[in-house]
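The following note sets out several points on the fold, the helix packing and selected residues.

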Amino acid sequence: MIKQSLLFCISLLIIVGCAKDDNSNTTPSSIPGMGEAGGELQVSAPFVLPEGVTLVSIEGIDDPVITTTFEESALKSSSRFGYRNNCRGSGGDWMALKMTFRKKNSNCKEIFLPAGCVFESDDEESQNGIVMQDIKLIFEELQETITAKIYLYCINKGRRGTSYRVNYNLKGITDCKIILDVITALQNKRIDISDFTDEDLDDYKEICSYLQDCVWKITNGNGLEDNDWNFIKRLRDRNR
């Protein structure tokens, strides 16, 4: 009888533990590593680079300025190499990273940063970030190194933005279902900085500002409302 009671208690603890984990996936403001929930960011899969390609560095950019052209690339006499990789991603009001990739003895032509990838900072007072739409970086002909400015959305409202003094780890793809639902809705929407020109940069900023608030409603608030989903639905599709 005692043995049966002990087994029952253990089973109950396992069930409760699993329920708690499931809730963290579906309950706003309780997602580990996001908002003020504490803990480490949880991922369903690690980020894996193509064979022969290495991530050389991730550097935080202080006080990011949203531009369509990466400042370092703009200073080069030729824009042939790395031109299509000047700036990528969506967001950027608070988080922008300078990322450098290198290939060696590889025929790799492009790198993907999948939507849902999370970047974890090593400073508890600094933001963690997330990619909300797939990012493609291209190796131009004869090019062995890619350096790009990557825009991200913040997932810890109230913390400091990116900084060169902070180290960032590309941890993998989030397992948070409610974030992934938004990512699915944004999959084919025109939100990447590369979809915009200097002339319509204000439109980009307005879109990203609203989407950043949507992300914070999940990480720090009570979740998205109908008007938020309607805003996402009304966004222009890409290539239109």
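Predicted model: local features only at pLDDT ≥ 70, side-chain atom pairs only at ≥ 80, totals over all residues.

1. Helices here are DSSP runs of H or I with at least four residues, strands are runs of E with at least two, and both are numbered from the N terminus. On that basis D63 is placed in the loop between β2 (53-60) and α2 (71-74). Its phi is near 40°, a positive value in a residue other than glycine. D63 is exposed, because its relative accessible area of 67% lies over the 50% cut-off.

2. S29 is found in the loop between α1 (2-26) and β1 (43-45). Its phi is near 70°, again a positive value in a residue other than glycine. With a relative accessibility of 32%, S29 counts as partly exposed, since that class lies between the limits of 20% and 50%.

3. On the overall architecture, the protein comprises five helices and 10 strands. Of its 240 residues, 45% count as buried. Among contacts between residues at least 6 apart in sequence, 80% join residues at least 24 apart.

4. G92 lies in the loop between β3 (87-89) and β4 (95-103). Leaving aside neighbours within four places in sequence, G92 is in contact with P64, I66, Y151 and L152. The C-alpha atoms of G92 and C154 are separated by 8.5 Å, although these residues stand 62 apart along the chain.

5. I135 belongs to strand β8 (residues 135-138). This residue is also buried, with a relative accessible area of 1%. Apart from neighbours within four places in sequence, the contacts of I135 are R88, G89, I111, F112, L113, I150 and D192. For one of these, D192, the C-alpha atom is separated from that of I135 by 8.2 Å, and the two residues are 57 apart along the chain.

6. Helix α3 (residues 177-186) may be considered through its buried residues. Which residues of α3 are buried? They are I178, I179, V182, I183 and L186. These residues lie on the same side of α3, because they cover an arc of only 150° around the axis.

7. The packing of two further helices can be described in geometric terms. Two packed helices are described by the angle between their axes and the distance between the axes. Helix α4 (residues 201-219) and helix α5 (residues 226-234) pack at an angle of about 140°, and their axes are 11 Å apart. α4 is therefore oblique to α5, as angles over 145 degrees would be needed for roughly antiparallel. The crossing of α4 past α5 is left-handed.

8. The residues that form this helix pair's contact complete the description. From α4 the contributors are I207, Y210, L211, C214 and K217, and from α5 they are N227, D228, F231 and I232. By class, the contact of α4 with α5 has six nonpolar, one polar and two charged residues.

Definitions and conventions: Residues numbered from 1 in each chain as written. Heavy atoms only, no water. Contact = heavy atoms within 4.5 Å. Axes fitted to C-alpha atoms, helices over the stretch in contact; angles between N-to-C directions. Parallel < 35°, antiparallel > 145°, perpendicular 65-115°, else oblique. Left-handed = near helix turned anticlockwise from the far one by under 90°. Nonpolar A, V, L, I, M, F, W, Y, C, P; charged D, E, K, R; others polar. Buried < 20%, exposed > 50% of the residue type's maximum accessible area, 1.4 Å probe, protein only. Arc of directions from axis to C-beta.
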